[in-house]
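Please examine the sequence and the structure shown below.

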Amino acid sequence: LASALLPAARAQIRVMSPEALVQRFSTSEGRIDGSTATFGAPFYGQRLLGRLVYGEPKTGHQHCRGDDYDVPSVDSTAAHYREKAEAQLLHIVVVRRGKCSFVTKVKVAQDKGAHAVVIVDKEDSTLTARDIRRIIVADDGYGTAIEIPSLLISAKEGDALINLAKDKNEEVIVELAWSVPTDHVVLVDLWTSSASQESLKFLRDWAPKRRALNDAIKFIPHFAVFRMQENDYHDLCYDAKGEYCAEDPDGSGPITGSVVLWEDVRQLCIHEKYKVKRDDLKLVGLSGDHPEYAKEYWEYMEKLLDACPLDGKDDKQFGKVCSHNLMKTVGIDVDKIEACVRTDATRMLKEQRANTAWSPRALRVNGWRYTGAVEADLVTRAICAGFVSSPAACKELIEPVTFLIEPSGGGGFGSPFLG
């Protein structure tokens with residue numbers, strides 16, 4: 001389970017003002033590292049400036065309800081400092097951890113107009129900044145409603161921010177940044193289940209962007225495979241031994257874990273047999289990786305969700321028959337893939353079971369845990385942030401993020417980014 005120990009893409013706060021607070025963090029040059037939420041939308045590859053605002057809990061609900069605290073609106077904050085241009089700064093709401101899920105806290109702050117949220121660990125917490133970076137700020141199942149970035153920081157560092165943010169005569173300006181390690185060739189690892197509807201939707205939506213980056217990245221698919229006790233739940237497993245099993249995607253429906261495993265293997269075979277190493281490009285990553293692209297694999301994945309749904313009928317249902325029909329449609333040699341399945345299934349499943357991630361659905365960019373929603377545009381932004389020299393395709397695929405801010409006296413688009 002080594003993947004679970006990998007560092008996450010780094011979330012970083014840099015204190016810009018007031019000077020007293022900058023000096024408080026002088027040993028780290030004003031930086032505070034945190035753990036990014038697995039939901040919401042970090043702005044990979046960009047830095048943004050914002051003003052911290054904090055509202056003292058009034059009802060004892062620790063920032064878990066809208067009526068528990070008040071923060072100034074974007075308009076009133078700008079008016080307070082009497083500078084229309086100040087509204088260009090993002091509204092970053094600071095809340096305290098505890099009493100409800102991370103998602104709930106961020107949703108409440110988002111509803112109050114936050115553009116980003118800093119969650120400070122519990123007051124009695126002894127976790128250090130290093131400990132915090134190892135925490136996975138998890139989605140409670142409702143994270144799809146979150147459209148803004150958020151991060152968790154230690155109580156010791158967060159208390160210093162809260163104390164000054166509470167001072168109405170002081171403004172705390174910080175820069176937020178999310179970064180991943182860079183390389184000449186970006187390595188992307190995706191863990192999923194071949195029957196995961198969320199993952200299939202992501203792959204369908206990301207396929208055109210992946211195609212545009214086929215000269216610059218290497219993609220490796222992985223699948224969530226686990227072991228069970230012999231003679232238990234045979235329909236979840238490859239055979240009665242229970243060595244290789246997968247989750248049932250539709251409960252009492254007809255698709256079993258066994259059906260999922262065979263589709264996992266077919267996809268691994270398609271990718272392995274059709275990937276082409278782009279060594280003709282003379283582009284090599286720091287670890288020796290060359291770009292790779294499997295044209296037929298991506299055409300298959302782009303169509304699978306719609307062509308073979310879990311609730312499809314007869315030969316249109318997720319499974320072997322529909323898979324074969326789809327392979328023929330996109331020009332994949334069915335006999336070649338089935339030969340691979342017969343000879344390599346055990347090897348492939350063993351490799352998948354041995355190479356697990358921190359979650360059954362996970363993404364890694366250049367060896368670092370990706371954090372944030374697994375959504376085509378956001379993942380592409382993270383990948384493009386991972387290049388030493390960004391390819392031309394990134395400039396076409398990525399647009400600078402802007403927030404619609406309506407400062408006192410007029411409206412317009414703010415662009416609070418430093419780069």
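The model is predicted. Its protein chain contains 12 helices and 15 strands. Of the 419 residues in the protein chain, 52% are buried. The accessible surface of the chain amounts to about 18900 Å², and carbon and sulfur atoms account for 49% of that surface. The contacts also show how the chain is folded upon itself: among those between residues at least 6 apart in sequence, 73% join residues at least 24 apart.

We turn next to the interior. In soluble globular proteins, nonpolar side chains tend to be buried together. In this model, the largest nonpolar core comprises 91 residues. L176, W206, Y300 and I383 have the most contacts inside this core. If residues up to four places away in sequence are left aside, L176 touches Q12, I13, Q46, R47, L48, I92, A116 and L151. Another core, of 21 residues, lies apart from the largest one; A37, Y69, V103 and V106 are among its members.

Finally, consider V374, which is located in the loop between β13 (368-369) and α11 (376-384). Why does V374 count as partly exposed? Its relative accessibility is 21%, and a residue is called buried only under 20% and exposed only over 50%, so V374 falls in between. Not counting residues up to four places away in sequence, V374 touches F202, R361 and V379. The C-alpha atoms of V374 and E198 are separated by 8.6 Å, although these two residues are 176 residues apart along the chain.

Notes
Residues are numbered from 1 along each chain as its sequence is written. This is a predicted model: local features need pLDDT of at least 70, side-chain atom pairs count only at pLDDT 80 or more; totals for chains, interfaces and linings use all residues. Side-chain values use heavy atoms; hydrogens and water are left out. A nonpolar core is a set of buried Ala, Val, Leu, Ile, Met, Phe, Trp, Tyr and Cys residues joined through side-chain atoms within 4.5 Å. Buried means under 20% relative accessible area, exposed over 50%, partly exposed in between (1.4 Å probe, protein chains only). Contact means heavy atoms within 4.5 Å. Helices (H or I, at least four residues) and strands (E, at least two) are DSSP runs, numbered from the N terminus. Accessible areas come from the Shrake-Rupley method with a 1.4 Å probe; for residues, only the protein chains shown count as cover.
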